[in-house]
Structures are given as C-alpha cells and as structure tokens.
Amino acid sequence: VAVPVQPAPAEPAPAEPIDPVPTLSPDVAVPVQPAPAEPAPNLPAPAQPAPADPAAPAAPAVVPLSLPVVEPFVAPQTWQAVGDWIFNPQGGYSGSAWFADGRSRNDVSTLTATQPIALVGVPQPELRFWERASVSDGDRFAVELSTDGVNWVPLVQQVGQQVPDWQLQVIDLTPYNGQTVWLRFSYASAPGAAPKNGEHGVWIDELSVAQMQPQPEAPAEGQ
C-alpha cells in the first residue's frame, strides 16, 4: 500500500516594508493651506430712492388777491408781524386793528401782507387805510411797496408826525398799475426814552385797495 506524501507547508510571503513617518526639520517651513472661504451672506440690497412722480402736483404758488381788496383786520393770520407790531382786538377805528408799540426804543418793526395784490382791472388803483399816531420826534412810520417781495420802496413816510384822532390816508398806486405788488408797514423808533403818559406808537385799521374814488368837490363860496 502506497502512503501519500504530504506537501510541505507554504512559507508566508515576506511583509511589505513600511515607509517610516517623515519627520519635519525645524529649519524647513511648511506652507499653511488657507481655510476655504465661507460664502458671503445674502444681504438685502440698499433701498434705492423712488423716482419722482412726474404727475405729482408742484407746491402751490401764492395766488395774488384780485381787486377790490378789503382788509378790516378782523384776524391777524393774513399779516406777518416782526418786532413790536401787536394785533389789538378792540383798539381800532372799527373793532380790531394793528398797533406798533413805540415804547421799545431804537427798534425797527414791520407788518407785511402774506399775499400780494394784482393791480389789474382798474385804471387808477389806490390804497386807503385809517391811522392814528402818538410818536416821538424821531420816530418814522412808512408805508412800503415791493414788486418782488424782497426789495421795498417807501410810498409815504412820516417822521415824528402826530395823528391824535383817526385819519383816513389815501395813496395813489397808479404808477404800479398792471403789476403784482406786496404791501408793508414799517415803524422805526428813535433812541431815547418813550413818553410815560398814555400809549405810544401807531395804529392802522380798515385797509382797502380799489379803484380811486373821486374826491368831494369843495363847496362853492357862500354856500
């Protein structure tokens, strides 16, 4: 009987050599890889101003007053007072009036209409108002006019003029006929002390701008 021969066991394959972990030399700089950039957050875009609406209405212009103009001074809203002009509800020729207080000395005060007046439609416009005045010798009261609302010219002025009783003042505006004009009253008090007895200043009331009224004829001699 033949005995089978057992094959010799196979030898294990030699192991692959493992490369040693490289060591870093202290003299060699290792480049640092930058961190990946983070995506920028989605920020809202800045708001853009809305374009102007061409159909939007413009600011209303000041509409001039038409003749005739009647100003009884029943309320102060239609006049702009600067300085010592005071609205007096009971001190007028007929009810309320404007009063330039002259007790404040060496001062200039103005009273300006807030709306211009169109001097059209009549051949001879005139300004009328009632005045009373108790002022010092150097005090100046003036009625002024402007065609642009900036530059003013005096129509009439009184210096130290006393008007103890209410008196009608009439000013011809024919040289400015056909134009749009602004009206202003100016009171300039002189230096020095104001009188201590009674009120001191200028009062105006019952203003109007209209066609010139005919002056009454003087009565014939002997009548």
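This is a predicted model: local features need pLDDT of at least 70, side-chain atom pairs count only at pLDDT 80 or more; totals for chains, interfaces and linings use all residues.
I take a residue as buried when its relative accessible area is under 20%, as exposed when it is over 50%, and as partly exposed in between.

Backbone entries. Glu206 lies in strand β12, and I noted that its phi is positive, at about 50°, although the residue is not a glycine. Most residues other than glycine have a negative phi, and most peptide bonds are trans, which is the reason I went on to list further exceptions. Asn106, in the loop between β4 and β5, also has a positive phi, near 55°. Its relative accessibility is 60%, and because the cut-off for exposed is over 50%, I put Asn106 down as exposed. A cis peptide bond joins Leu67 and Pro68, with omega at about -5°, and I located Pro68 in the segment before β1 (69-71).

Overall entries. I counted 12 strands and 0 helices in the chain. Of its 223 residues, 30% are buried, and the accessible surface comes to about 15400 Å², with 58% of it belonging to carbon and sulfur atoms. Among the contacts with a separation of 6 or more, 79% are between residues 24 or more positions apart.

Strand β8. I then turned to β8 (residues 140-146), where 6 of the 7 residues are buried. On one side of the bookkeeping, β8 pairs with β9 (residues 153-159) in the antiparallel sense over 6 bridges, and Glu144 has Pro154 in β9 as its bridge partner. The hairpin of β8 and β9 has 6 residues between the strands, and there I found Gly149 with a positive phi near 80°.

Aromatic rings. Which shape does the pair of Trp79 and Phe185 take? The ring centres are 6.0 Å apart and the planes stand at 40°, so I noted the pair as tilted. This pair links distant parts of the chain, since Trp79 is in strand β2 (residues 79-82) and Phe185 is in strand β11 (residues 180-189), 106 residues apart. Both Trp79 and Phe185 are buried. Phe185 also pairs with Phe141, and here I wrote down a stacked arrangement, with 6.1 Å centre to centre and 5° between the planes. I found Phe141 to be buried as well. The ring pairs link Phe73, Trp79, Phe129, Phe141 and Phe185 into a cluster, and the chain has 8 aromatic pairs in total. Separately, I noted that the charged end of Arg132 sits over the ring of Trp203, 3.9 Å from its centre.

Nonpolar core. Which members of the largest nonpolar core touch the most others? I listed Trp85, Leu127, Phe129, Phe141, Phe185, Ile204 and Val209, out of 30 residues in that core. At least two core residues come from each of β4 (95-101), β5 (107-113), β7 (125-134), β8, β10 (163-172), β11 and β12 (201-211). For Phe141, I looked up the contacts beyond four places in sequence, and they include Trp85, Phe129, Val156, Phe185, Val202 and Ile204, as well as Glu131 and Gln157.

How values were computed
Residues are numbered from 1 along each chain as its sequence is written. Side-chain values use heavy atoms; hydrogens and water are left out. Helices (H or I, at least four residues) and strands (E, at least two) are DSSP runs, numbered from the N terminus. Buried means under 20% relative accessible area, exposed over 50%, partly exposed in between (1.4 Å probe, protein chains only). Contact means heavy atoms within 4.5 Å. Accessible areas come from the Shrake-Rupley method with a 1.4 Å probe; for residues, only the protein chains shown count as cover. Rings of Phe, Tyr and Trp (its six-membered ring) pair if their centres lie within 6.5 Å; planes under 30 degrees apart count as stacked, over 60 as edge-to-face and the rest as tilted. A charge sits over a ring if NZ of Lys or CZ of Arg is within 6 Å of the ring centre and within 35 degrees of the ring normal. Two strands pair if DSSP finds at least two bridges between them. A nonpolar core is a set of buried Ala, Val, Leu, Ile, Met, Phe, Trp, Tyr and Cys residues joined through side-chain atoms within 4.5 Å.
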